[in-house]
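Work through these exercises with the model open beside you. Try each task before reading its solution.

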Amino acid sequence: EDKYSCIDHSTSYLHVQSVRDFPIEKLNAEVVLVRLDSELICNPLGSCSLSLERTVSTIKYLQKAGAKVLLVTSWTPVLQSVYPVLKSTETFADYMSSLLQVKVVPVNGVPGLTSFKPEGWMQNDIILFENLLNFKGENANCNDFSQKLASGAAIFVNDSFSLSHKMLASTVGITRFCHASLAGFHFEEELMQLRKITDTTRRPFIAIIGGSNFLGKAPALNLLASLCDGLFFVGKLSLQIMNGFGIPVPSCFVEKNSTKEVLQLIQTAHNRNIPIYYPTDTWCLNNKNNNHEKLEILDSAELLPGWTPADIGPSTLEKISSLMPLYKKVLWIGPTCFDLTEEFSGGAAQLGRILDKASHDSCDVILVGSAACKAVKGISGSSSKYTTFKNASVVLEFLKGKILPGVAALDKSYPYQIPWNAIFSDSSQPLVVDIGSGNGLFLFQMARDWEGSNFLGLEMNKKLVVRCLRDVASVDKRNLYFVSTNATSTFRSIVSSYPGQLALVTIQCPNPDFNREQNRWRMVRRMLVEAIADLLQPNGKVYLQSDVESVLLRMKEQFMTHGKGQLVVDDDGGGDHQMDNPFGAASDWERHVLARGAPMYRTMLRKV
C-alpha cells in the first residue's frame, strides 16, 4: 500500500481546506459567512490573545480580498453576565467595530440575508447577526434554519473550534448550502495543535489526568495509555486507579461500574511497561468538621471513612516536580481537586508553576480544560509557551476516536505532496484524470493505448485503490497511478502541483444518489467545476458520461454554470447525448450497461 494513496482514513477528515489555501481571487465579491467564538473574542487576555489575533486576521483577510463578510456567533446568559459587551447584538457590534476598526452593523431577527435589507449595507460594512441561541434551530441543527442562515452566502468559514464536538446548524448544517466550507486561521491552528496531542515524536511523554467519570473517559484514557510513556492520575480518577491496584479506598468514592475499564487500563500500561502514578498524599476534610479552613494532610493509602479528599498534597506535588526533568512532553487534562470546585484548587496553581518551569526547560506543555488553563493564566509571560485548549470536551472526543462534526463538515485538502517524478517515468507528459475511477479498468486500457500521457485515478474506495496499485506494480506501468481521496474537495490541491499540463478530465457514471441537489457530498459541485476549469489546459477537455440521463444533464449544467464561460460543448451527439465513446476504452459499468442493451449518455466539453 502506497502512503500517498492509502492515508489513514480514521484521521484523514482532520485535513481540512483553510482560508489560507483557498484561491484568494475567488473570494472577491463573494458573500462569506464567518462563525465566531464569542468567548474567545471577549477574553483577549492570556493564552486567548494569539487566538483572538488569528480570528481578527481571518475577518480582515476576507475583507481585504474583497469579500462581503457576515458574522454569526452565540453566547449563553452566563457568558453574558461575565462580559457586558454581550448584552445585545448592538453592544457586541460596537465592540467588534472597535476591534476590527471597521463598521459592524447589528441585525436582529432570523440570521441570513433574506431577513436583511441590502440597501443598508455599505461597501465595507460587516454584518453581525443576532445571538444564534435565540433560535431553536441552532442546537437542533435544523435543515430549514441552516438554509436560512446560509441564504445569500456562497462561502462558509468556521473559526469557532471550541464547538467542533457539537452538531449545530451554524457549524454543520450550513455547509450543505455553501459551495465552499473552509477553516479560518484560528480553527486551522487549533486543529493542527489537536493533532500534535497524539504525536509521539517528542518523547518521553507523560499525561497528568484529573477529573472524574472514569467510565465515560475510558476510551480516551486507553488511547493515552497506548501513546504515553507515563500516566499520573489526580482527582477522583486517581481513586479508581488506586482501587484497581488494590489500595483501600472508601466505597463511597469508587465508581463501581468502571472496575473492568480500570483493570483494562492497568493491564495496557503493564504490557507496555509504562508507570502509572497516583497521589501519595491528599488534603482532606473531616466530614464532622464544617470548618473548611481546617484541612489535614493524609497519606493516600490511609484514607478513612469520614474524611473527604479535597486536593493533591505537597508530597504529590514534589513527586510530579521530580518527574518533570525525565519527560520532554506533558499533557495536563482535568482538575487536580477531588470535588471539582475551586474552593480546594490550590494544587492546580502549584502544578501550574511546576509545568511553567518545565516549559522553560524545553518541555512541550499542553494544557486542556479550564482548570489547567486558569492555573497558568496568572504566571507572567507564560501564555505563549503552551498549547492550550480551554474546552476539554473537544479534546476528549478526539482522544476517544470520535469524529468531530464541526471538522468533518468542512471541505477536505489532500494531506500529502505527491512525488510526481517518482510515480511517473515522465511527469512532463499531459495528464488525464478519471474522477471516481472504480476498479480502474478504463484507465488501465487508456494507459496501455496512450503511452504518451500520464493517467491518474481518484477514487474514494480505499480497497479498490489498493487493488489497482497492486495491479499497476505487477505490470510495471509508469504512466498510471491511483489515489484514495474525495476528489470533489481535494482535486485542486492534488492536481495543481502536477509539473505538466492537465489535458483531460473524465467523470463516468457517478452514483445518482450522490448527485441529488440536497446531498452535501454530491460529486459534481461548484468547487470541483471551478478547480477543473482553472487547471485544464487551453483546448483541454471534460468527458461526462452516465447511464442515467438526468445525472448527465445535472453534471453538464453544473459545468456550464460554474465554468465561468471557460467551457463550451464540444460534442454531445447532436443534442441527444448519445455520442459514441471517443476513446475505444470502456469502464466496467459502461460495459455492463451496454451488455444489457441500455443506452449511455455522453457529452464532451472543451476549454476555450
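The exercises below cover domains, cores, a sheet and helix packing.

This is a predicted model: local features need pLDDT of at least 70, side-chain atom pairs count only at pLDDT 80 or more, and totals for chains, interfaces and linings use all residues. Residues are numbered from 1 along each chain as its sequence is written, and side-chain values use heavy atoms, with hydrogens and water left out.

**Exercise 1. List the domains of the protein chain.**

Start with the bounds, which come from an automatic or database domain assignment. They give domain 1 (19-193), domain 2 (200-380) and domain 3 (420-607). Next, take the C-alpha centres of domain 2 and domain 3: they lie 55 Å apart.

**Exercise 2. Which residues touch the most other members of the largest nonpolar core?**

Buried means under 20% relative accessible area (1.4 Å probe, protein chains only). The largest core has 60 residues, and Leu-194, Ile-209, Leu-231, Phe-233, Leu-265, Leu-331 and Val-407 touch the most other members. This core draws at least three residues from each of domain 1 and domain 2. Apart from it lies another core, of 56 residues, among them Trp-420 and Leu-605.

**Exercise 3. Work out the strand order of the open sheet of 7 strands, then find its edges.**

Strands are DSSP runs of E, at least two residues, and helices are runs of H or I, at least four; both are numbered from the N terminus. Two strands pair if DSSP finds at least two bridges between them. The order is S18-S17-S16-S19-S20-S22-S21, with mixed pairing. Strand S18 (480-484) and strand S21 (567-571) each have a single partner strand, so one side of each is left without a neighbour in the sheet. Now look inside: S20 (536-546) and S22 (601-607) run antiparallel, joined by 6 bridges. Ser-546 has Tyr-601 in S22 as its bridge partner.

**Exercise 4. How do helix H8 and helix H10 cross?**

Axes are lines fitted to C-alpha atoms, for helices over the stretch in contact (heavy atoms within 4.5 Å). Angles run from 0 to 180 degrees between N-to-C directions. The axes of H8 (214-227) and H10 (259-272) come within 10 Å and cross at roughly 5°. That makes H8 roughly parallel to H10, a label for angles under 35 degrees. Finally, check the contacts: H8 residues including Phe-214, Leu-215 and Leu-221 meet H10 residues including Val-262, Leu-265 and Arg-272.

Conventions: A nonpolar core is a set of buried Ala, Val, Leu, Ile, Met, Phe, Trp, Tyr and Cys residues joined through side-chain atoms within 4.5 Å. Buried means under 20% relative accessible area, exposed over 50%, partly exposed in between (1.4 Å probe, protein chains only). Angles under 35 degrees count as roughly parallel, over 145 as roughly antiparallel, 65 to 115 as roughly perpendicular and the rest as oblique.
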